[in-house]
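User: I have a structure open and would like to go through it piece by piece. Can we start with the strands?

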Amino acid sequence: MDLGATKIFSLVALPDGREVGSDSRLTLAGQGPEAVVGRIVESVRAAMATAGAIETHLAAVAVAAPGPIDHERGLVRNPPNLPGWGTVPVVRMLEEALRVPVALENDANAAALGEHAFGAGRDFRNMIFVTVSSGIGGGIIVDGRVYRGATGAAGEIGHMVLDEDGPRCGCGQRGCLEALASGTAIAARAAALADEGASPVLARLARQSTPPPGASTGLTATDVERAALEGDAVALRIIEEAGRYLGLGLVNLVHVFNPDGIVIGGGVSRMGDMILEPARQVVRERCFPLSQEGLRIVPGVLGDRAGALGAIVAMERAHSKRRAGTP
Ligand SMILES: [Zn+2]
């Protein structure tokens with residue numbers, strides 16, 4: 001299952017990834033971990049029911065959760081996307097409630113594993129997954145396995161620094177890829193240019209939008225995409241600039257990891273070539289010929305299901321580890 005900031009998504013699947021049932025409900029993270037874990041249990045049971053299965057059929061549960069994650073101890077630690085959570089022993093709580101083994105994986109790593117095993121990355125041995133939505137996250141697959149780093153914090157692609165003096169990022173630093181190419185960054189740039197009177201189309205969409213509490217505009221990346229599709233040159237330029245920054249991030253990753261494929265997922269990736277083609281162009285301009293040989297940059301195909309499907313892969317691995325007797 002995928003524990004998101006707004007939504008809990010449970011999916012019942014066979015080991016080959018074939019989906020046989022699912023359930024979706026609100027996270028309501030503000031009610032705290034106990035209530036949310038209770039809803040996860042309800043969601044798992046509801047998903048089992050849609051699959052026509054009973055609880056004794058359940059072999060294991062894998063959770064894709066917002067990081068940081070302590071894999072060894074099965075903890076979610078102060079996730080920025082679940083405010084007020086602190087350190088939560090998600091694995092122990094769920095194992096007590098469901099009485100089956102529970103595995104835990106960072107949501108971006110899980111989505112990377114999902115696209116790699118069942119989606120757009122099936123042909124790739126060394127793969128980078130980048131998810132571009134309101135933030136930017138990622139996962140690194142090396143020789144078919146997710147690379148977690150020394151403390152499980154690897155793959156924070158969104159916080160790669162591209163401009164020392166750039167715009168402020170959600171992490172508190174400046175000029176991160178996320179502050180330059182995420183949906184939030186696209187919307188912020190559009191709001192600033194609409195304020196300056198640079199684009200009547202964006203100004204109209206800003207007036208029609210409903211600002212969330214505390215914000216001056218409700219403009220979203222989807223509005224910017226709509227304006228670009230209506231032929232607004234300013235909106236198109238904002239998306240192309242974000243695409244070029246995304247491309248710079250990819251250039252750095254290609255130089256370091258020499259992947260055979262890059263899969264771009266997340267809501268913003270649904271803009272397709274409008275944002276991906278400028279990114280590919282920067283990679284063509286800047287990467288060495290040897291590192292570009294056969295390199296493909298493709299959109300993800302699993303959408304919101306990538307995390308839950310990838311959790312199944314993480315679960316399989318946790319299981320085989322246990323069977324092998326290693327911790
Ligand atoms: Zn950052």
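**Strands, zinc site and a helix**

Analyst: Strand S9 (residues 127-132) and S10 run antiparallel and are joined by six bridges. Strands here are DSSP runs (E, at least two residues), numbered from the N terminus, as are helices (H or I, at least four). Two strands pair if DSSP finds at least two bridges between them. This is a predicted model: local features need pLDDT of at least 70, side-chain atom pairs count only at pLDDT 80 or more, and totals for chains, interfaces and linings use all residues. Residues are numbered from 1 along each chain as its sequence is written, and side-chain values use heavy atoms, with hydrogens and water left out.

User: How many residues sit between S9 and S10 in the hairpin?

Analyst: Three residues lie between S9 and S10. Thr-131 stands opposite Gly-137 in S10.

User: And which strand do two bridges join to S10?

Analyst: That is strand S11 (residues 145-146), which runs antiparallel to S10. Ile-141 faces Val-146 in S11. The hairpin of S10 and S11 has two residues between the strands, and Asp-143 takes a positive phi near 50 degrees there.

User: How many residues of S10 are buried?

Analyst: Six of the seven residues of S10 (136-142) are buried. Buried means under 20% relative accessible area, exposed over 50%, and partly exposed in between (1.4 Å probe, protein chains only).

User: New topic. What are the protein donors of the zinc ion?

Analyst: They are His-159 (ND1), Cys-169 (SG), Cys-171 (SG) and Cys-176 (SG), at 2.1 to 2.4 Å from the zinc ion. Donors are N, O and S atoms within 2.8 Å of the metal (3.2 Å for Na, K and Ca); water is not among the atoms, so sites may look incomplete. Along the chain the donors follow the spacing H-x9-C-x1-C-x4-C.

User: Why is the arrangement tetrahedral?

Analyst: Because the four donor atoms subtend angles of 106 to 122 degrees around the zinc ion. Four donors count as tetrahedral if all angles lie between 85 and 135 degrees.

User: Is Cys-176 buried or exposed?

Analyst: Cys-176 has 1% relative accessibility, so it counts as buried. Cys-171, at 40%, counts as partly exposed.

User: Last one: which residues of H5 are buried?

Analyst: Among them are Gly-183, Ala-185, Ile-186 and Leu-193. The buried residues of H5 pack against helices including H4 (177-181) and H8 (233-257), where contact means heavy atoms within 4.5 Å. Just after H5, Gly-197 takes a positive phi of about 80 degrees.

Definitions and conventions. Tetrahedral: all angles 85-135°; square planar, octahedral: opposite > 155°, others 65-115°.
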